[in-house]
Amino acid sequence: MTIPFNDLNPLHKQLSWEIDTAVQRVLKSGWYILGPEVEAFENAFAAYHGVKYAVGVANGTDAIELALRAAGIGVGDEVITVSHTAVATICAVERAGAKPILVDIDPRTYTMSAAAAEAAITPRTRAVLPVHLYGQPADLDAIRALCERHHLLLIEDCAQAHGARHQGRLVGTFGAMGTFSFYPTKNLGAYGDGGAVITNDPALVEKLRRLRNYGQSKRYHHDERGINSRLDELQAAILSVKLSHLDECNFTRRRLAGVYDAHLRGVLTPEVREGAHHVYHLYVARHFHRDALMEFLKTKEIGTLIHYPVPNHLQKGYLDLGYAPGSLPHTEAAAKEIVSLPLYIGLSEDQVKEVARTINTWSQALGESRAES
Ligand SMILES: Cc1ncc(COP(=O)(O)O)c(C=O)c1O
């Protein structure tokens with residue numbers, strides 16, 4: 001049985017009538033960028049989060065960059081984030097002109113260590129940017145408290161955690177702004193690129209709306225320097241359809257993750273923090289012999305990926321940030337041992353059990369061969 005790492009087709013099939021209707025509506029409207037569909041999606045996305053505003057942008061990287069720029073963070077400022085994230089988080093901080101300060105993860109949950117973040121604060125620190133990695137909220141109580149203590153802005157990178165909750169409250173609503181990506185594979189995915197920033201602050205919203213559209217306050221009047229980071233009508237119409245199914249999709253992801261939890265033996269998985277409503281953008285397992293495990297799964301036609309194989313502070317393109325190997329030990333140890341297993345809408349419980357059984361057989365055989373030698 002071939003089990004791909006991901007497959008976007010089953011969800012598309014399930015929603016195809018609704019999506020086709022939305023797409024046809026946009027095609028016939030004659031209006032394709034920043035129009036009524038974007039406004040409707042922004043309103044629905046804000047309402048889903050119980051916040052006043054959402055601003056649609058071109059992707060999740062721009063969402064972070066524009067959130068920082070809207071808050072006046074740029075050259076000379078430091079932003080504390082994790083190395084254990086998609087490179088986009090770090091790219092966005094630099095694009096805003098600020099310096100990313102990369103800290104280690106909590107080795108149990110693989111999200112930002114609040115203690116490490118606090119230790120990294122300098123007089124130039126302006127913001128803390130935790131990432132709700134794999135769909136699990138970071139340690140928001142501790143991170144929010146340290147932001148309050150040190151008068152720092154909290155901006156949450158929710159690109160992997162649409163619909164995740166901490167103590168019952170949706171991620172993205174704990175700080176000044178929450179940023180989202182709608183890359184197709186995300187829990188809320190478009191059929192192309194897309195992103196959004198949510199906030200309750202009207203001044204930030206005004207600025208975000210200008211910045212995403214060349215700094216324009218009214219047509220052809222540019223009050224400041226912005227960029228082109230607009231959400232298009234097709235993506236917004238599709239996202240409105242998919243938003244109405246987000247909770248049921250997350251429910252399915254959590255159910256499938258529960259099947260992995262119940263059946264997997266011989267591998268570690270990140271701990272789920274108490275009070276966390278994890279939405280399993282990714283189901284990640286950990287094993288000392290990760291590469292051999294991935295090879296074995298490949299021979300059984302089971303797809304896997306690593307999120308992420310090289311910590312960002314050790315990526316070739318980022319060596320000039322100045323972090324030596326060994327500087328973020330928990331991040332580096334995780335990168336060597338983690339593997340993401342298949343998890344998507346349309347994957348069956350039997351397929352999850354099959355993946356778990358295959359891993360269990362492999363780890364048992366490994367244990368036996370080591371016992372013999
Ligand atoms: C944690 C994280 N932050 C930011 C991004 C950037 O999103 P996008 O690819 O839409 O620019 C991603 C997605 O790749 C992500 O996973």
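Predicted model: local features only at pLDDT ≥ 70, side-chain atom pairs only at ≥ 80, totals over all residues.

Visitor: What sheet do they sit in?
Guide: An open, antiparallel sheet of three strands, in the order 7-6-12. Strand 7 (169-170) and strand 12 (276-277) are its edges, each pairing on one side only.

Visitor: And the seven-stranded sheet, what is its order?
Guide: The order is 1-9-8-5-4-2-3, in an open sheet with mixed pairing. Strand 1 (53-57) and strand 3 (99-103) are the edge strands, with pairing on one side only. From one strand to the next the twist averages 25°; axes are lines fitted to C-alpha atoms, for helices over the stretch in contact, and angles run from 0 to 180 degrees between N-to-C directions.

Visitor: Strands 5 and 8, parallel or antiparallel?
Guide: Parallel: strand 5 (residues 153-157) and strand 8 (residues 177-181) are joined over three bridges. Ile155 stands opposite Met177 of strand 8.

Visitor: How many bridges join strand 2 to strand 3?
Guide: Five, and the two strands run parallel. Ile80 faces Ile101 of strand 3 there. Strand 2 is mostly covered, with four of its five residues buried. A residue is buried if 20 or more other C-beta atoms lie within 10 Å of its own, exposed if 12 or fewer, and partly exposed in between, with C-beta atoms placed from the backbone.

Visitor: Helices next. Which strands does helix 3 lie across?
Guide: Helix 3 (residues 60-70) lies across strand 1, strand 2 (78-82), strand 4 (125-128), strand 5, strand 8 and strand 9 (195-199). Its direction is at about 160° to strand 8.

Visitor: How many of its residues are buried?
Guide: Eleven of the eleven residues in helix 3 are buried, including Asp62, Glu65 and Arg69. Just after helix 3, Gly72 has a positive phi of about 80°.

Visitor: What about helix 7, what does it lie across?
Guide: Helix 7 (residues 202-211) lies across strand 1, strand 8 and strand 9, at about 15° to strand 1. Seven of its ten residues are buried, among them Lys207, Arg209 and Arg210. The cover over the buried residues of helix 7 includes helix 3 and strand 10 (216-218). Contact means that C-beta atoms, placed from the backbone, lie within 7 Å.

Visitor: There's a ligand too. How many residues surround it?
Guide: 15 residues do, and the closest are Gly60, Thr61, Ala88, Ala159 and Ser181. A residue is near the molecule if its C-beta atom, placed from the backbone, lies within 6 Å of it. Helix 3 and helix 4 (87-95) are the elements that give two or more residues to this shell.

Visitor: What classes are in the shell?
Guide: Five nonpolar, eight polar and two charged residues. Ala, Val, Leu, Ile, Met, Phe, Trp, Tyr, Cys and Pro count as nonpolar, Asp, Glu, Lys and Arg as charged, and the others, Gly among them, as polar.

Visitor: Last one, the whole protein. How many helices and strands?
Guide: Twelve helices and 14 strands. The radius of gyration is 21 Å, close to the 21 Å that the globule rule gives for 373 residues, so the protein is as compact as a globular protein of that length. That radius is taken over C-alpha atoms, and the rule is 2.2 Å times the number of residues to the power 0.38. Buried residues make up 46% of the 373.

Note on methods: Residues numbered from 1 in each chain as written. Pairing = 2+ DSSP bridges. Contact = placed C-beta atoms within 7 Å.
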